[in-house]
Amino acid sequence: MDTLLQLAIGNLLSPMVLFFALGVTAGWLKSDLAIPEAISKGLSLYLMLAIGFKGGVELASNGVAGAVAVALVLALALSFCLPLLAYALLRAATRLDIPNAAAVAAHYGSVSIVTFVAATGFLGYRAIPYEGYVVAMLALMETPAIVTGLLLARRSNAAGPTASRAPFLSREVAREVFLSGGVVLLGGSFAIGWITGDKGMAVMAPAIVDPFKAVLAVFLLDMGLLVGRRLHDFRAVGWPVVAFGLYMPLIGAMIGLLAAHAIGLSLGGMTLVAVLAASASYIVVPAAMRLSLPQANPAIYIPLSLAVTFPFNLIVGIPLYYAGAQWLVAL
Amino acid sequence: MTQLYRKKRIEIIVEAARARAIIEMIEAVGAKGYTIVPNVSGKGNRGIRDEAHLSDVFRNVMIIVVAAEEIVRRIVEQSQPLLENYAGIVVVSDVEVIRDEHF
């Protein structure tokens with residue numbers, strides 16, 4: 001069993017994290033290095049397809065219906081409930097007003113697919129297996145938090161002038177959330193992997209297994225560039241809120257670890273559920289918040305989830321949550 | 001010489017998330033068409049607005065309508081409440097067009 005320090009250094013010196021660091025540095029220094037938008041979209045589609053397909057195949061060969069159902073219920077519960085905790089912390093410890101606190105809370109109940117993919121890369125590096133249906137948990141955790149966030153905002157500003165005008169979860173928001181390209185591809189590949197099983201894997205493996213880690217490294221270079229360019233936005237966010245972006249993932253991960261342990265997931269599965277509970281959305285939730293809660297300021301919630309929590313989870317969080325899972329398994 | 005007709009041109013720069021609502025309003029007040037420039041960037045009272053390829057949150061679009069004065073006035077009035085809490089710039093100018101029946 002590696003020590004925490006060895007894990008942290010091993011993670012820090014992986015190509016994934018080093019490419020990410022290169023991107024952050026280049027972005028921060030305003031280098032003109034850029035990955036063309038179409039390519040970066042393509043890379044992210046590739047990653048979703050690969051992760052969904054592998055999860056589906058894994059489920060087809062090792063799925064136990066009861067355990068899967070319990071895990072999916074846990075995923076929904078985490079996504080619905082984490083924003084309540086996040087909201088309470090934000091209202092107590094920061095000066096964010098109700099719409100902003102509710103919007104930020106929704107981000108922290110939802111998940112970052114890239115963080116999850118990076119965590120599977122971390123596990124793959126160490127040849128640690130995980131339950132395939134954790135991918136389905138990922139897909140389920142994206143949206144419930146949005147509902148909780150909007151309820152939190154609505155409950156307390158019924159008197160506000162704009163409150164009644166925006167319909168709650170309009171058709172437009174529902175489409176944005178349930179039919180966003182990422183969700184459709186992830187869910188669809190998961191289903192195809194599940195239907196075709198090992199035979200399907202034999203067809204897809206040359207494209208989605210070996211190149212996966214290298215593609216992930218290139219994608220993280222791109223993410224680093226985005227984060228680096230957003231580092232200048234910190235001042236608008238304020239230190240108490242930045243601090244929230246660092247301690248909330250720790251609290252979420254702890255809850256995730258304990259819950260995953262309670263339902264009997266493996267070391268890899270526990271690590272991934274901790275990562276899910278710790279991560280914050282920066283694609284689907286911001287889009288939904290702009291449509292349904294326009295009073296909340298995107299210059300707060302996007303830098304917070306993208307430039308604070310995402311790098312924290314990638315660099316410190318993943319090895320830390322893995323160490324926590326190892327500790328729980330050894331108990 | 002080709003005949004020219006006086007019209008009003010209204011330009012609305014708005015964040016992508018709100019574009020759909022604005023376009024629905026433009027059609028509802030009776031404009032016969034519109035033009036969309038899908039990616040415009042610049043700087044205003046919300047800081048630098050640039051396309052960020054993760055989501056549409058920092059992306060602006062420009063919607064252009066050329067129409068009779070009466071219709072443009074309705075668009076101006078109805079865009080005001082739609083732009084509350086969103087990035088938006090509305091500019092109206094006098095223009096001349098050929099092919100009157102298109103507007």
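Trainee: What percentage of the contacts in chain B with a separation of 6 or more is accounted for by residues 24 or more positions apart?

Mentor: The model is predicted. In chain B, the contacts considered have a separation of 6 or more, and the share that joins residues 24 or more positions apart is 78%.

Trainee: In what order do the helices and strands of chain B run from the N terminus on?

Mentor: Chain B holds 2 helices and 6 strands, and its C-alpha atoms fill a box of roughly 50 × 30 × 20 Å along the principal axes. Read from the N terminus, the elements run β-α-β-β-β-β-α-β.

Trainee: Which strands of chain B are the edge strands of the open sheet of 4 strands?

Mentor: The open sheet has antiparallel pairing and the strand order E2-E5-E1-E6 in chain B. An edge strand pairs on one side only, and in chain B this applies to strand E2 (35-40) and strand E6 (88-97).

Trainee: What is the average twist from one strand to the next, and which strands does helix H2 of chain B touch?

Mentor: From one strand to the next, the twist averages 20°. Helix H2 (residues 69-82) of chain B packs on the sheet, and its direction makes about 20° with that of E1(B). The strands touched by H2 of chain B are E1 (5-15), E5 and E6.

Trainee: How many bridges join E2(B) to strand E5 of chain B?

Mentor: Two residue pairs illustrate this pairing. B:Val40 stands opposite B:Asn60 in E5(B), and B:Val37 stands opposite B:Met62. E2(B) and strand E5 (residues 60-67) of chain B run antiparallel, and the number of bridges joining them is 4.

Trainee: Which residue of E6(B) stands opposite B:Ile12?

Mentor: E1(B) also pairs with E6(B) in the antiparallel sense, over 10 bridges. In E6(B), the residue opposite B:Ile12 is B:Val90.

Trainee: Turning to chain A, why is helix H7 largely enclosed by the rest of the structure?

Mentor: The buried residues of H7(A) include A:Val134, A:Met137 and A:Met141. They pack against helices of chain A, namely H3 (37-62), H4 (65-93), H6 (113-125), H10 (181-208) and H14 (267-278). Helix H7 (residues 134-141) of chain A is largely enclosed because its buried residues number 8 of 8.

Trainee: Are H2(A) and H11(A) roughly parallel or roughly antiparallel to each other?

Mentor: Helix H2 (residues 15-28) and helix H11 (residues 212-230) of chain A pack at an angle of about 30°, with their axes 6 Å apart. Angles under 35 degrees count as roughly parallel. H2(A) and H11(A) are therefore roughly parallel.

Trainee: How do the residues of the contact of H2(A) with H11(A) divide into nonpolar, polar and charged, and what is the handedness of the crossing?

Mentor: The contact residues of H2(A) with H11(A) divide into 18 nonpolar, 5 polar and 2 charged. As H2(A) passes H11(A), the crossing is right-handed.

Terms used. Residues are numbered from 1 along each chain as its sequence is written. Chains are lettered from A and ligands numbered from 1 in the order in which they are written. This is a predicted model: local features need pLDDT of at least 70, side-chain atom pairs count only at pLDDT 80 or more; totals for chains, interfaces and linings use all residues. Axes are lines fitted to C-alpha atoms, for helices over the stretch in contact, and angles run from 0 to 180 degrees between N-to-C directions. Angles under 35 degrees count as roughly parallel, over 145 as roughly antiparallel, 65 to 115 as roughly perpendicular and the rest as oblique. A crossing is left-handed if the near helix is turned anticlockwise from the far one by less than a right angle, and right-handed if clockwise. Ala, Val, Leu, Ile, Met, Phe, Trp, Tyr, Cys and Pro count as nonpolar, Asp, Glu, Lys and Arg as charged, and the others, Gly among them, as polar. Two residues are in contact if their C-beta atoms, placed from the backbone, lie within 7 Å. A residue is buried if 20 or more other C-beta atoms lie within 10 Å of its own, exposed if 12 or fewer, and partly exposed in between; C-beta atoms are placed from the backbone. Two strands pair if DSSP finds at least two bridges between them.
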